[in-house]
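I opened my notebook to record what I looked up, one topic at a time. The sequence and the model come first.

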Amino acid sequence: MKGLLPFCRGLYRLSNRQAIRKAWTVGSRCGFCGTQSGKTQPNFGLLFDIDGVLVRGRMPIPAAKMAFEKLVDSQGQFVVPVVFVTNAGNCLRQTKADQLSHILGVPITLDQVILSHSPLRMFKKFHDMCVLVSGQGPVLEIAKNVGFKNVVSIDMLRESFPLLDMVDHNRRPKLPSNPLGNLPKVDAVVLFGEPIRWETNLQLIIDVLLTSGNLGNVHQTQKRPHLPLLACNMDLMWMAEAHSPRFGHGTFLVCLENIYKKITGQDLKYDALMGKPSELTYHFAEYLIRSQAMQRQWKLPITSLYAIGDNLMTDIYGANLYNRYLDERVSRKNPKAVAKMAATTGSTTAVPQEDEMDNMWESELAQPSATSCKSVLVCTGVYNPNAEVPSDANHCIKETVFHGHRDFRFDPALVEPGHIVKDVAEAVDLIFEQEKFVPK
């Protein structure tokens, strides 16, 4: 991120980096042993990214175990509600929970895990449609697990229409063949994550979109709506064992969007984008945090969330975007805040109204109890704290390369982390200090 990372780093080194480090140092010296005035029941929850925060590829980050030793009691129960929010989507929630339990040495349940495709269970109007799914791993099982009843994979499509996948000469049919045509018409397309054979998936998805799901037909490129399209995981890049970030599903989406526009002259339209930084994903996470607190019979309502991540464009942008949503909810319920906003802007139209928002998730999950979502950036993943800070941050922001998805506008305020810390262990210590929380 040629311009943005140094810009944000410059801001925070100049403004609050020293203050954060000082707060952490004070907390470290006392070991968070606390005083009699410290809280023993939480009114906050923690949202952890996984790649670049807890692991790098298959390798655990050393600070991860240290962090989670502070988050469980002697019985192995969490002392605060915890949810893992990852844009990975190539497995089932239980599989990811088992992996985390092994890595962290603490029991993790599937109800503590959100994968990029988890919110799809709320899109019930698509569940009875015949959907084409793209990704890798057990995609058919994943699709059925989130509620889809009639599912077609790219491999099934390729097998029924062997003449459509022609890029790899070695995979072309050896003998002339006719389409088998034994698949139902595709009604919608669901993109779970980056596939293995990009050229095959790109070709067949474009074929489905341009034939309205009837692959026996020729492409229709004139201006008209295409089939419903839902995409999970917008990460352009992610951090594995390599020194530099690797391509993510967001890169695949860039390819798909540009191919579609080059062929048709029209923008590809999504019916839904989920996974971080989508507000929908954070709302689902808040619901799971709230559910954990109720199960543990903690009496204090969960009013604050802390999102810990390594990527400015997904973790930080998403947490800040959800925090803005929570602020707007409060403003809509507070006449004084509405009046103040109207006075500032000169118009009440600048104040978001209930009927302007998609309330599907609120009706499905109930309204959030949280009133804030604070972002914490760690330096163990995509974010690189060692890059040179430019002397002129104002000039730098004008040259920023935005790595977020096409449909999310660049807003400098949304990529400014609330805190920057070395690793996840320091993040937990900082949050406990901020909340004056003393585990029993």
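Is Cys373 buried or exposed? I found that Cys373 is buried, with a relative accessible area of 2%, where buried means under 20% relative accessible area, exposed over 50% and partly exposed in between, for a 1.4 Å probe and protein chains only. Cys130 is also buried, with a relative accessible area of 2%. I then searched the whole structure for disulfides and found zero, counting as a disulfide a pair of cysteine sulfur atoms within 2.5 Å.

Before going on, I noted the ground rules. This is a predicted model, in which local features need pLDDT of at least 70 and side-chain atom pairs count only at pLDDT 80 or more, while totals for chains, interfaces and linings use all residues. Residues are numbered from 1 along each chain as its sequence is written, and side-chain values use heavy atoms, with hydrogens and water left out.

Next I checked the confidence. The mean pLDDT of the protein chain is 83, and 79% of its residues reach 70 or more; pLDDT is the predictor's confidence in each residue, from 0 to 100. Over residues 340–358 the pLDDT is below 50, and this stretch has 18 contacts in the model beyond near neighbours in sequence, a contact being heavy atoms within 4.5 Å. Residues 393–399 also have pLDDT below 50, with eight contacts beyond near neighbours in sequence.

Leaving out residues up to four places away in sequence, I listed what Leu47 touches, including Val83, Val85, Tyr282 and Ile289.

How many of the 13 residues of helix 7 are buried? I counted 10, so helix 7 is largely enclosed by the rest of the structure. Among the buried ones are Thr200, Asn201, Leu202 and Asp207. The buried residues of helix 7 pack against strand 6 (130–134), helix 6 (154–160), strand 8 (188–191) and helix 8 (249–264). Just after helix 7, Ser212 takes a positive phi of about 55°.

Last, I looked at the rings. My search of the whole structure gave 14 aromatic pairs, meaning rings of Phe, Tyr and Trp (its six-membered ring) with centres within 6.5 Å, whose planes count as stacked under 30 degrees apart, edge-to-face over 60 and tilted for the rest. Phe68 and Phe84 have ring centres 5.6 Å apart and planes at 15°, so the pair is stacked. Phe68 is in helix 3 (residues 62–69) and Phe84 in strand 4 (residues 82–85), 16 residues apart. Tyr282 and Tyr322 are stacked as well, at 6.1 Å centre to centre with 25° between the planes. Tyr282 lies in helix 9 and Tyr322 in helix 10 (residues 312–333), so this pair ties together parts that are 40 residues apart in sequence. I also noted one aromatic cluster formed by Phe44, Tyr306, Phe432 and Phe437.

Note on methods. Helix = DSSP H or I, 4+ residues; strand = E, 2+ residues; numbered from the N terminus.
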